[in-house]
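Visitor: I am new to this structure and would like to learn how to read it. Could we go through the features in turn?

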Amino acid sequence: MMKFSLLFLLAWSCVFLGSTGSLNRIGNSDIGFKSLEELVLIRKTLAAQALKLRGLEINLHRVLSKVVLLADAVVQVPGRYSSKEDPLAVLSERLNLLLERLNQEERISTNLLELKEWSTKVCQEPSPSQTLPKELTEEKDEPKVDFYQPAKSDCHELDEGVRVDGVYRFLVPERNEVQRDLYERYCAFATDGPAWTVIQSRGGSFDPHENFNRSWDEYRAGFGNLSRDFWFGNEFAHKILYRDDHELRIELQEAGEPLDWAEYPLFWLDSESYNYQLSVAGEFRGSLPDALEQHNRMDFSTYDRRRNHAKSADSTCGEDYGGGWWFDRCTQCNLNGEHGVHQRASPAIIWMNWRTGTDKPKSSRMMIRPVNPTPGDNSDGD
Ligand SMILES: *[C@@H]1O[C@H](CO)[C@@H](O)[C@H](O)[C@H]1NC(C)=O
Ligand SMILES: *[C@@H]1O[C@H](CO)[C@@H](O)[C@H](O)[C@H]1NC(C)=O
């Protein structure tokens, strides 16, 4: 009990202080009685504790998933908890059930035999049904992919032997206010190594187009369909990025052409109290020019919530360009842009100096992957 209340206290302090990037503000602001170094130290301790807490949370989710699985199994074993009856009666009841099951299985196998006889008869006739067995063997050759992975918690843990992109479900659902699940993720084996978690996908030729000119709350909670165009959600992204160091990969593409990419070795999103401020660090790599650097340390803004520390004219960027983005004044890139005063094409995906400098890419993806996954994921957290 003690240990838990301590942890909760620490968790609250972490929430209170926010995450990466909030420190410099604390330093400049009203807390005058602590030296910066002391604060750095406190901050580091808190961050370490928060990391542990998050590890515990993930473990708890793993246990919960197992309980759910076990509960399902228990339901399938009838009579297990009718303990008031005498053991003999229980035993005979079980025997009866067993016999019943055996009978059922016998019936099924006779049915199967009949079916087999019938199908050989049908297949012997020269008809289109002859293609059936061929199709069946073809299906067998495809790799079997399990998109439900309750024992894993993220895309990067997926088996690299299979490498199939798609929407996976991990652990047990953790739903937000609009019923989107933190553990339902689009995983992409975009490069060598483990899968990436896609946090933005746009430009699929879907009808109707997903609308990306959305409010602060919608960008916070996420929108769109994970198998189509979507924004994973700032709160979910922050939650994942806060726990481990992650790299960011951006892909832009023109239909039928090789894709262009950019990678930032470190990527964070601050908490909502700090407007999901963007940070990128490390040596930029890519076939694209670096258009995100200018947005480093910028707050996220949308048409209905502008960054509040800039009172100049650039605060209408969200309205002019559409979408939510870490606007500066206004933008070197905006993968969430809309047809608006500055663009003629919709959706308007902007990346400064992309190709000729006048074209706009047709589709974009943003994805993240932990740099050094926390080894504590499977430990007991101590
Ligand atoms: C998402 O899109 C897929 C593929 O188009 C579709 O099968 C699925 O029903 C959609 N899901 C929702 C929640 O709309
Ligand atoms: C985005 O939506 C807001 C609110 O509806 C609107 O005022 C703004 O003009 C839109 N921006 C673009 C570029 O479409």
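Visitor: Does Arg-297 count as buried, exposed or partly exposed, and how many C-beta neighbours lie inside 10 Å?

Guide: This is a predicted model. A residue is buried if 20 or more other C-beta atoms lie within 10 Å of its own, and exposed if 12 or fewer. Arg-297 has 14 C-beta neighbours inside 10 Å, so it counts as partly exposed. Arg-297 sits in the loop between strand 10 and helix 8 (317-321). Arg-297 also has a positive phi of about 70°, although it is not a glycine.

Visitor: Is Tyr-276 buried or exposed?

Guide: Tyr-276 counts as buried because it has 24 C-beta neighbours inside 10 Å. Ala-281 has 12 other C-beta atoms within 10 Å, so it is exposed.

Visitor: How do I read the strands, and which way do strand 7 and strand 8 pair?

Guide: In a regular strand the side chains alternate between the two faces of the sheet. Here, strand 7 (residues 246-253) pairs with strand 8 (residues 260-269) in the antiparallel sense over 6 bridges. Leu-252 stands opposite Asp-260 in strand 8. The two strands form a hairpin with 6 residues between them, and Gly-256 in the turn has a positive phi of about 75°.

Visitor: How many bridges join strand 8 to strand 9?

Guide: There are 4 bridges between strand 8 and strand 9, which run antiparallel. Phe-267 stands opposite Val-280 in strand 9. Strand 8 also pairs with strand 10 (residues 285-286), again antiparallel, over 2 bridges. There, Glu-263 has Arg-285 in strand 10 as its bridge partner.

Visitor: How should I read a helix, and how many residues of helix 7 are buried?

Guide: An α-helix has 3.6 residues a turn, so residues three or four places apart point the same way. In helix 7 (residues 234-243), 9 of the 10 residues are buried, so the helix is largely enclosed by the rest of the structure. Among the buried ones are Phe-236, Ile-240, Leu-241 and Tyr-242.

Visitor: Which residues have the most contacts inside the largest nonpolar core?

Guide: They are Leu-241 and Ile-368, in a core of 54 residues. Leaving aside residues up to four places away in sequence, Leu-241 touches His-246, Phe-267, Trp-268, Leu-269 and Ile-368.

Visitor: What does the protein chain contain as a whole?

Guide: The chain has 8 helices and 13 strands. Of its 382 residues, 29% are buried. Among contacts with a separation of 6 or more, 53% come from residues 24 or more positions apart.

Visitor: What is the mean pLDDT of the protein chain?

Guide: The mean is 75, and 62% of the residues reach 70 or more. Residues 79-83 have a pLDDT below 50, and this stretch has 6 contacts in the model beyond near neighbours in sequence. Residues 125-139 are also below 50, with 3 such contacts.

Visitor: Which peptide bond is cis?

Guide: The bond from Asp-207 to Pro-208 is cis, with omega near 0°. Pro-208 lies in the loop between strand 4 (196-202) and helix 6 (216-221).

Definitions and conventions
Residues are numbered from 1 along each chain as its sequence is written. Chains are lettered from A and ligands numbered from 1 in the order in which they are written. This is a predicted model: local features need pLDDT of at least 70, side-chain atom pairs count only at pLDDT 80 or more; totals for chains, interfaces and linings use all residues. Two residues are in contact if their C-beta atoms, placed from the backbone, lie within 7 Å. Two strands pair if DSSP finds at least two bridges between them. A nonpolar core is a set of buried Ala, Val, Leu, Ile, Met, Phe, Trp, Tyr and Cys residues joined through C-beta atoms within 7 Å. pLDDT is the predictor's confidence in each residue, from 0 to 100.
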